[in-house]
Amino acid sequence: MLLIALCATGVFLARFQNAARSDGRVDPVTGAVQTAVSPVARVAGNTVRSTGDFLFGFTRARRLAVENRRLHDRLAAMALYGESVSRMQRDLNALRKTMGLRPVPGNIKVPAEILAYIPRDNRLTIGAGSAKGVRPGQPVVSGVGMIGTVQSVSKDRAQVLLLTSRALTIGAIVMNRNPSPAGLLRGENSNTLSLSFNDPKAPVQIGDNVATSGLSEHIPRGISIGKVIQVHDDIAFGQRIAIVDPYFSIGELREVVVLR
Amino acid sequence: MKALAASLVCLWLAAGCQGTVAPQVAIGTVAPDFLLIVVGVLGIFASRPGATLGGFAAGLLHAAVSGANMAGYVVSRTVAGFLAGWYHDLEFETGAVVALITTAFLTLIAGVLHTLIAPPPPAAFVGTLAATIGGAVYNGVLAMPFYLIMRPILRAKG
């Protein structure tokens, strides 16, 4: 009897959770649990990472020192480059404004720490929420490109659905071609993505780079996603399908950036 | 009272570690499920209703921490807790090896139930199955030291 009652409670809570999620919110039960366990999560996560870093540094100190110097130089160069890109972005937005167009999304970058990663659900919990202006649908990127979009938000946390999830579909283009063929990208499994083109003769080849199409309210154009590793035709639906290997590797990430 | 407090603390710590520590100590795609380990080991000591409630709490915590759909986690973990509590009624001699077998078995049951309730995409089915089997072994191995730590606290029969 107790077993049935508890299972029924679970199903009820799932409905409650889905209703909140479809509004881009986090349900109170999930929010309360996440708040309650976050101190443990932070301490445990930091301890494991620090231990791993210490052991890594202990065995490869020389290599890390050289790499650190190189990265400092690259950072200085990137800062100059970033400044000039920001200036051009401001000019572009000013021009768009004079033409009556909305500004290009994703100008403001909100850095966030990864608090949890659940591989089975292709989902991340990040430490930035509505208090920092994070909203559902905004793209989440790492140093190598796009990793997913924000699905639901609480005050200081957000759930990120990874590109590898079948529940997420975004517009994508093949960058190496002119004009760039556009298609819809969704998760195939935990390692690859599937990009389907309605044009069965879309010019796409193995090795082509795939990026966001920008045909979205929140996601800007040209954010790198991955590389085409396989192309095949779906004769039944008249589609060409490219299998894409995403650039990101969640295991290597600690921080991400939300573009708002 | 002491057992209840210990169970709550264990579940809280396991939930905190699940999202951050489990991916870091994963072997390939096989990551431990700390909450299921707690359910498996505490189920050896607890009554059937207690273990069922523990399973429910573990499912709720896991789903909330991962932001995943609650139905799959809550139902699979509640059933796992119920089965773990059943063991208590059988009055077997307990030991670290029993903890290993119980936890591995519960992980398989919970994994199969979860797959039936929230099926993965066909392309990921084999990977999910392999991860469940690997997870059962991993959880079972981790359950042994956890059992040895918990036994003096919970005053086991064996």
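Colleague: What percentage of the 260 residues of chain A count as buried?

Modeller: 33% of them do. Buried takes 20 or more other C-beta atoms within 10 Å of a residue's own, exposed 12 or fewer, partly exposed in between, with C-beta atoms placed from the backbone. This is a predicted model: local features need pLDDT of at least 70, side-chain atom pairs count only at pLDDT 80 or more, and totals for chains, interfaces and linings use all residues. Residues are numbered from 1 along each chain as its sequence is written, while chains are lettered from A and ligands numbered from 1 in the order in which they are written.

Colleague: What is the mean pLDDT of chain A?

Modeller: It is 87, and 100% of the residues of chain A reach 70 or more. pLDDT is the predictor's confidence in each residue, from 0 to 100.

Colleague: How many helices and strands in chain A?

Modeller: Chain A has 3 helices and 12 strands. Its C-alpha atoms fill a box of roughly 65 × 55 × 45 Å along the principal axes.

Colleague: Switching topic. How many residues of chain A are in contact with chain B?

Modeller: 33 residues of chain A, against 34 residues of chain B. Contact is C-beta atoms, placed from the backbone, within 7 Å.

Colleague: Which element gives the largest share on the chain A side?

Modeller: Helix 2 of chain A, with 11 residues.

Colleague: And the largest nonpolar core: how many residues?

Modeller: It has 103 residues, and L35(B), V38(B) and V41(B) have the most contacts inside it. Such a core is a set of buried Ala, Val, Leu, Ile, Met, Phe, Trp, Tyr and Cys residues joined through C-beta atoms within 7 Å.

Colleague: What does L35(B) contact, leaving aside neighbours within four places in sequence?

Modeller: L11(B), A14(B), A15(B), Q18(B), A58(B), L61(B) and H62(B).

Colleague: At what angle do helix 1 and helix 3 of chain B cross?

Modeller: Roughly 25°, with the axes of helix 1 (residues 2-24) and helix 3 (residues 48-66) of chain B coming within 10 Å. Axes are lines fitted to C-alpha atoms, for helices over the stretch in contact, and angles run from 0 to 180 degrees between N-to-C directions. So helix 1 of chain B is roughly parallel to helix 3 of chain B; the cut-off is under 35 degrees, with over 145 roughly antiparallel, 65 to 115 roughly perpendicular and the rest oblique.

Definitions and conventions. Contact = placed C-beta atoms within 7 Å. Helix = DSSP H or I, 4+ residues; strand = E, 2+ residues; numbered from the N terminus.
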